[in-house]
Amino acid sequence: MNRKVLLIAISGYVGGAFAQQTAWGQCGGSGWTGATTCISGYTCVYSNDWYSQCLPGTAATTTTVVTTTKKATTTTTPAGSSPTGWIVPGAVWLDTSGVKIDAHGGQVWKVSNTFYWLGASVGTSIQYPLSWAYRPKMFKGTSKYFIYGQVNRLVQPLSSSNIVGGYSLAGSAFSLPPYSLTYSDMGIFQDDDGKWYLATSADGNILQINVINGDGTLGTRLTKLGGELEAPGIFRAGTSAKTGYRANPNKVYWATSLSGPWTGPADIAPEDQNTYGSQNTHELVIKGSAATTYIYLGDAWDSSGTSASNYMWLPMAVSTSAHTVTLQYHAMWRVDVNSGVVSYPTNSKRYDAELAKLSGRAAITTCESCVSKRAVHQVDISSDVTFTGLIGQDKAQWVSIHYKVNDPQAGQAHVYINDEPTPRNISDFNSRAGYHGEIPIKIHLKAGAVNTLRIGSNGAPDFELHIDAVEVHED
Ligand SMILES: *[C@@H]1O[C@H](CO)[C@@H](O)[C@H](O)[C@H]1NC(C)=O
């Protein structure tokens, strides 16, 4: 049988030269040559002789595991006609009760008609008796559901008879068989025969894959990949970065059997894009009636690893013949969970900046890459561009702002929405602000052609925006 299994793993960045380690990053341990102090608000906490990590605040703070569920369409929905909501990389993502989703380093798992999103909360939600459980992963054993969390570089299992809620510690934390290794990151994978596997970045940056037993314990090691590999996972693969919440150029390896041999690596994103500022947590495969869609699930961490962090979910182009995996960047996309088909906004109204009201130094200029071939530039701290008459539907709607900045480090764009007296930074809606030419934000628009958006900037005196258009999405 010619079964293709792809494993994504990261290489490089061992001992990265940060002056101060980023949140959650390694800050000590045998052989560690990188930073030994942490950024503000984080403390370097000893885990064992090989590993110390930057943890928030003091050791008294806790990070806990929560589950967040996200409903898929039901079986009563005709296949192919009911996509999920928009997936907007970098945007704030609210749950169905309007609360920002805080579930990082986790996994999305489909059980019958529901997709369950598991992640570690870096905010305040306290659900399970686990402190410092990183990169949680869930699976079903013979008779129970399990969550594996990383605690002090050991696997701490929790179990429950229900998929959501009721989890309690299932025995002590354990190291990786067969050599009692500790590890930093983990990814989980369920094969087509229903068996589960754990991929870990074990001591010495060895990526290893172990069988998960039905009773929730870890079994035989199937394979290992040595060398500079830093982090593991499977999609049929997944990954992470042990140097902290720093984006790395993720790599793909492939094999026809989980036991190897593995071939690779190859990049999954252009190297200068560093997986678009994100850290991979899991790969989700949607096998639909018309297409199979492979989805990269990444965390878009803010600079200090707080609950202000967002998500980077992107479809991946996978070639099983060329053995390549490439992230497909889209500012907005969605997948129909029944058909597996990916689609993009089609029902949008565009408002060009050159037709808007300009103030200060803002001036019309030519723009070869713009739809209308014109745009507005020189939008500095004392200038703005006011779009009026935007048609809304009296609800929260996605509005794409098409703009570029001359230096994303030097300032940022902000927007006054209708009568709001103070501007809101676009980065508060979407952490890709300043880093991509189209930034969708979700805002409430009034009914009719009565909405106003005034876009300006704040930052250094020479910071400028180059605004092409805004686009109101109606679907
Ligand atoms: C927007 O960002 C600037 C820094 O660029 C900051 O000074 C300001 O407080 C932010 N505004 C809001 C409303 O958060």
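Guide: Start with a charge and a ring: Arg334 sits over the face of Trp86, 3.9 Å from the ring centre. Keep in mind that this is a predicted model.

Visitor: What makes Arg334 count as lying over the face of Trp86?

Guide: CZ of Arg must be within 6 Å of the ring centre and within 35 degrees of the ring normal. Arg334 is placed over the face of Trp86, with a distance of 3.9 Å. Lys349 likewise lies over the face of Tyr351, at 5.0 Å from the ring centre.

Visitor: How many aromatic pairs are there?

Guide: The count is 13 aromatic pairs.

Visitor: Why is the pair of Trp93 and Trp313 called edge-to-face?

Guide: The ring centres are 4.6 Å apart and the planes stand at 70°. Centres within 6.5 Å make a pair, and planes over 60 degrees apart count as edge-to-face. So Trp93 and Trp313 are an edge-to-face pair.

Visitor: Which parts of the chain does that pair link?

Guide: Distant ones, 220 residues apart. Trp93 is in the loop between strand 5 (64-71) and strand 6 (104-111), while Trp313 is in strand 21 (residues 310-319).

Visitor: How do you know whether Trp93 is buried or exposed?

Guide: Buried means under 20% relative accessible area. Trp93 has 14% relative accessibility, so Trp93 is buried. Trp313 has 7%, so Trp313 is buried too.

Visitor: What kind of aromatic pair do Tyr276 and Tyr329 form?

Guide: A tilted one, with 4.9 Å from centre to centre and 50° between the planes. Planes under 30 degrees apart would be stacked and over 60 edge-to-face, so the rest are tilted.

Visitor: Why does the pair of Tyr276 and Tyr329 tie together separate parts of the sequence?

Guide: Tyr276 lies in helix 1 (residues 274-277). Tyr329 lies in the loop between strand 22 (324-327) and strand 23 (334-335). The two parts are 53 residues apart in sequence, so the pair ties them together.

Visitor: What about Asp352, buried or exposed?

Guide: Its relative accessibility is 18%, and the limit for buried is under 20%. So Asp352 counts as buried. Asp352 is in strand 25 (residues 348-352). Beyond four places in sequence, Asp352 touches Ser372, Phe387, Asp468 and Ala469.

Visitor: Which residues touch the most other members in the largest nonpolar core?

Guide: Val385, Phe387, Tyr403, Ile426, Ile441, Leu465 and Ile467, out of 31 residues. Elements giving two or more residues to this core include strand 29 (384-392), strand 30 (395-405) and strand 35 (465-473). A second, separate core has 27 residues, among them Leu284, Leu314, Leu327 and Tyr329.

Visitor: Where does the pLDDT stay under 50?

Guide: Over residues 1-19, where the model has 96 contacts beyond four places in sequence. Residues 125-129 are also below 50, with 17 contacts beyond near neighbours in sequence. The mean pLDDT of the protein is 80, and 77% of the residues reach 70 or more.

Visitor: How many helices and strands does the protein have?

Guide: One helix and 35 strands. Of the 475 residues, 54% are buried.

Technical notes
Residues numbered from 1 in each chain as written. Predicted model: local features only at pLDDT ≥ 70, side-chain atom pairs only at ≥ 80, totals over all residues. Heavy atoms only, no water. Phe/Tyr/Trp six-rings, centres within 6.5 Å; stacked < 30°, edge-to-face > 60°. Helix = DSSP H or I, 4+ residues; strand = E, 2+ residues; numbered from the N terminus. Buried < 20%, exposed > 50% of the residue type's maximum accessible area, 1.4 Å probe, protein only. Contact = heavy atoms within 4.5 Å. Core = buried A, V, L, I, M, F, W, Y, C linked by side-chain atoms within 4.5 Å. pLDDT = per-residue confidence, 0-100.
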